[in-house]
Amino acid sequence: MSYREDTVFAPSTAIGGAIAVIRVTGPDAFRVAELTDRPFPEGFGRMRFMRMSDRGEAIDDIMAVRFGAPHSYTGEDMVEINCHGGARTVQRVLQALSGLGFRPAEGGEFTRRAFLNGKMALSEAEAVMDIITAEAERSRKAAVAQLHGSVHRCVSAVEDALLDALSGVDAAIDYPDEAEAECTETLPAVLDTQERELRRLIGEGRKGRVLRDGLNVLILGRPNVGKSSLMNALTGHDRAIVTDLAGTTRDVLDEKVSFDGVPVRLIDTAGIRETDDPVEKIGVDRALGELGKADVLLLLLDGTTEPTAEDRELLDRTKDFPARVIVSNKMDLAGYAAAEGAVPVSAKNAEGLEALKQAVLALAAPAEGDAVSVTNERHIRALEDAHAFIAHAATQDDLDCAATDIREALHALGQITGRDVDAEVIDRIFSRFCVGK
């Protein structure tokens, strides 16, 4: 049975609160009235107080509203029931709906139906889950913009231009005497313009990705330079144990925070040094292993001493890291002198932290005023595929080969907008969703 043929239900709020919202969508959704003591009001979008019963037994006093297709979230006939949120009450309402022959919705099925019914583009449907999981303010703002079509508009404009170009190529292939000269003259400029636009979106996405996925910020340094103290200062609580004993931190610790609305995963590591302690050695190996996963490296030095051999080795080992911030700690102590180019901080007194955060964001996150449409890694990969095909099409002398490349580019872009998307991709996207969304 297809989504268009059956009616489903699910709670769309957490169970256990004061009020629970239960959604019902599908061709028979209005049969909910069979369970209530009065009909829905005339028209749609008007909420009514009702008493819900099942086989003569009162279940709860509810508020309910119905929406008629296509003017609903899913694009289908739909009812929303507001009942008391206790677990037993919600369970009885769900049982009553099941008794009407409706089935429980799968995870993400309401949004999936909205996409399949043309209520939203695929990128907009993905943004629903991004809004739910957003852990920082700028992440939420980016997801809301995508829900309102920011990604869809940009990518659709490229699709439309390529479709127009493809129609010209096809005409030139079918009627070479009449259309080939015009196509040969106009096609290079069209491909060049769209190739540059795709390159812009990819570059934007590589920085914008952090608004969705967050920045992995690794704190690295030799023992006792204040890595755990810096971790605690940046998180605002005692996440890591701080002592004067070298080698206290022996494993990788991480904590999620926000730098000016950008989600950040802070990673504290064991001090890097030669050691015969097998447990500490494992911690050092794990710390160095985190380098490959980090977006930004905070290399911490003790500003009250000259750089040691261990400091110099770390500076040399990480000199080619693409986003490294050298941090000079202990500015609160006598004899402090920050290394050239280092960000001065006092982890103990939480001084200099704002400048450090801004240094991190300047390296790896879009600026506050930057327009960011693309944040999804899947979208970036699709844009990269489309860009490669368009760049290749521009080198083709044969129009048939150019047409093939343009079609492949359109298929890649269709994986974002949903115009030409594989069923496997759809399944993978909506597998992330929870029930009721």
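The dialogue below goes through the sheet, a surface patch and the salt bridges.

Mentor: Two remarks on the source come before the features. This is a predicted model, in which local features need pLDDT of at least 70 and side-chain atom pairs count only at pLDDT 80 or more, while totals for chains, interfaces and linings use all residues. Residues are numbered from 1 along each chain as its sequence is written, and side-chain values use heavy atoms, with hydrogens and water left out.

Trainee: What is the order of the strands in the open sheet?

Mentor: Strands (E, at least two residues) and helices (H or I, at least four) are DSSP runs, numbered from the N terminus. Two strands pair if DSSP finds at least two bridges between them. Here 6 strands form an open sheet in the order E3-E4-E5-E2-E1-E6, with mixed pairing. Strand E3 (48-54) and strand E6 (103-104) are the edge strands, each pairing on one side only.

Trainee: How many bridges join E2 to strand E5?

Mentor: E2 and strand E5 (residues 78-84) run antiparallel and are joined by 7 bridges; Arg23 stands opposite Glu80 in E5. Strand E1 (residues 8-11) is also antiparallel to E2, with 4 bridges, and Pro11 faces Ile22 of E2 across that pairing. Further along the sheet, 7 bridges join E3 to strand E4 (residues 57-67), again antiparallel. There Ser53 has Ala58 in E4 as its bridge partner.

Trainee: Why is strand E2 described as largely enclosed?

Mentor: Buried means under 20% relative accessible area, exposed over 50%, and partly exposed in between (1.4 Å probe, protein chains only). Of the 7 residues of strand E2 (residues 19-25), 6 are buried, so the strand is largely enclosed by the rest of the structure.

Trainee: Which strands does helix H2 lie across?

Mentor: Axes are lines fitted to C-alpha atoms, for helices over the stretch in contact (heavy atoms within 4.5 Å). Angles run from 0 to 180 degrees between N-to-C directions. Helix H2 (residues 109-116) lies across E1, E2 and E6, at about 135° to E1.

Trainee: Which residues make the nonpolar surface patch?

Mentor: Patch residues have over 30% relative accessible area and no salt bridge; nonpolar side chains (Val, Leu, Ile, Met, Phe, Trp, Tyr) are joined within 5 Å, like charges within 9 Å. Areas come from the Shrake-Rupley method with a 1.4 Å probe, and for residues only the protein chains shown count as cover. Met47, Phe49 and Met63 make a patch of about 270 Å². Phe49 belongs to strand E3 and is partly exposed at 42%.

Trainee: How many salt bridges does a search of the whole structure find?

Mentor: A salt bridge is a side-chain nitrogen of Lys or Arg within 4 Å of a carboxyl oxygen of Asp or Glu. The search finds 35. One of them joins Arg407 and Asp170, with the closest N and O atoms 3.0 Å apart. This pair links distant parts of the chain, 237 residues apart: Arg407 in helix H12 (residues 399-417) and Asp170 in helix H5 (residues 150-174).

Trainee: Where do Arg199 and Glu195 lie?

Mentor: Both are in helix H6 (residues 176-213), 4 residues apart, about one turn of the helix. Arg199 is partly exposed, with 46% relative accessible area, whereas Glu195 counts as buried at 13%.
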